[in-house]
Amino acid sequence: MPELPDLEVAKDVLNRRVIGRTIEAVELFDPIVLRRPVAEAFQHELQSRTIQDAQRYGKFLILLFTPPARLYINFMLVGHLAIQPPSDRIMKSTGFRLHLSGNIDLRYYDGRRMGKIYLLLKDEPTSLIPTFDEQGPDALDPALTLDMFRAHIRKFNAQIKRVLKNQGFIAGIGNAYSNEILYEAHINPFRKRSTLTPTEIDALYSATKAVLHNAITTITTRSGDNLHFKIRDFLQVHGKSGQPCPRCKTQLTTVKDGLDFVYYCRKCQV
Ligand SMILES: [Zn+2]
């Protein structure tokens, strides 16, 4: 599932590759992924609009069009975009295809059909997108200062890993990057937020910014113009079951927590 760094890099790729292109044809193959509006309106409304900008908020990627409309994509588990030649075969997992001026396609794929896509026209509000307005500040928003982070986190009392994944706290972090941030901050994922010292809260803030920024740099360097969200092997603990801790060499611990796996070092995350 893509998280903030994956989507930030995808946003940059889209800004390089598709800005200024006009949608010449729209084909919706899988209406299940489209939450708003209905299929006919989606195809009719997107036709002939020009892609003006790509943005991101939390785990949503947003395409802005002229005349005004916005497409919000929440990729969920396996959804992703691809830029490719129009002659490429249409795969079973293709959700929709935008044929763009300059003879390229922007396609959405979702083999699990769990992604959620919303098209808002003109000034239709984001309150039409469930949970969107309940998101906290984006994790990379420069306005999210240390002081604001300290004050805001006091409203959340769950286990700290769950707080980090809660989009109502800050937006953009999921299972993989919450594992990484807690490792960087030397904090045990199962601690309750209320047990964290002010020094640990400050370390968590620094780790959040550092881990996300470093991941964006790494993924940008390695992904080129790809939009596939697959680069995770550089992470320190996430997905590293049974491997030694990069810091202290203790074997990493894996714990299943609901649908997620928590990866951490029981020796240097206290
Ligand atoms: Zn360790």
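Helices (H or I, at least four residues) and strands (E, at least two) are DSSP runs, numbered from the N terminus. The model on screen is predicted, so local features need pLDDT of at least 70 and side-chain atom pairs count only at pLDDT 80 or more, while totals for chains, interfaces and linings use all residues. Residues are numbered from 1 along each chain as its sequence is written, and side-chain values use heavy atoms, with hydrogens and water left out.

**Whole chain.** Start with everything selected. The chain holds six helices and 11 strands. Its radius of gyration (taken over C-alpha atoms) is 20 Å, close to the 18 Å that the globule rule gives for 270 residues, so the chain is as compact as a globular protein of that length. That rule is 2.2 Å times the number of residues to the power 0.38. Along its principal axes the C-alpha trace spans about 55 × 35 × 30 Å. Of the 270 residues, 52% count as buried; buried means under 20% relative accessible area, exposed over 50%, and partly exposed in between (1.4 Å probe, protein chains only).

**Two domains.** Colour 4-134 as domain 1 and 146-264 as domain 2; these bounds come from an automatic or database domain assignment. Their C-alpha centres lie 28 Å apart. Across the boundary, 22 residues of domain 1 are in contact with 20 residues of domain 2, where contact means heavy atoms within 4.5 Å.

**Helix α1.** Select residues 4-17. This helix has 14 residues and reaches 20 Å from its first C-alpha to its last, close to the 20 Å expected; the expected span is 1.5 Å times one less than the number of residues. Is α1 mostly covered or mostly open? It is mostly covered, with 10 of its 14 residues buried, among them Leu4, Asp6, Lys11 and Leu14. The cover over those buried residues includes β3 (50-57), β4 (60-66), α5 (175-184) and α6 (198-223).

**Core.** Now show Leu14 and Leu204, which have the most contacts inside the largest nonpolar core, a group of 67 residues. Such a core is a set of buried Ala, Val, Leu, Ile, Met, Phe, Trp, Tyr and Cys residues joined through side-chain atoms within 4.5 Å. Helix α6 gives the most to this core, with nine residues. Domain 1 and domain 2 both give residues to the core, so it lies between them. A second, separate core of eight residues includes Phe60, Ile62, Tyr72 and Phe132. Back at leucine 204, its touching residues include Phe149, Ile160, Ile181 and Leu196.

**Helix α6.** With 26 residues, α6 reaches 37 Å from its first C-alpha to its last, close to the 38 Å expected. Threonine 218 lies in this helix and counts as partly exposed at 25% relative accessibility. After α6 comes glycine 224, whose phi is positive, near 60°.

**Backbone stops.** Which bond joins arginine 36 and proline 37? A cis peptide bond does, with omega about -10°; proline 37 is in the loop between β2 (34-36) and α2 (39-46). The bond from threonine 66 to proline 67 is cis, with omega near -10°, and proline 67 is in the loop between β4 and β5 (69-74).

Next, go to arginine 113 in the loop between β8 and β9 (116-121). Although not a glycine, arginine 113 has a positive phi of about 55°, and at 43% relative accessibility it counts as partly exposed. Finish at phenylalanine 229, in the loop between α6 and β10 (253-257). Phenylalanine 229 has a positive phi of about 60° and is buried, with a relative accessible area of 16%.

Methods. Lists of a residue's contacts leave out its neighbours within four places in sequence.
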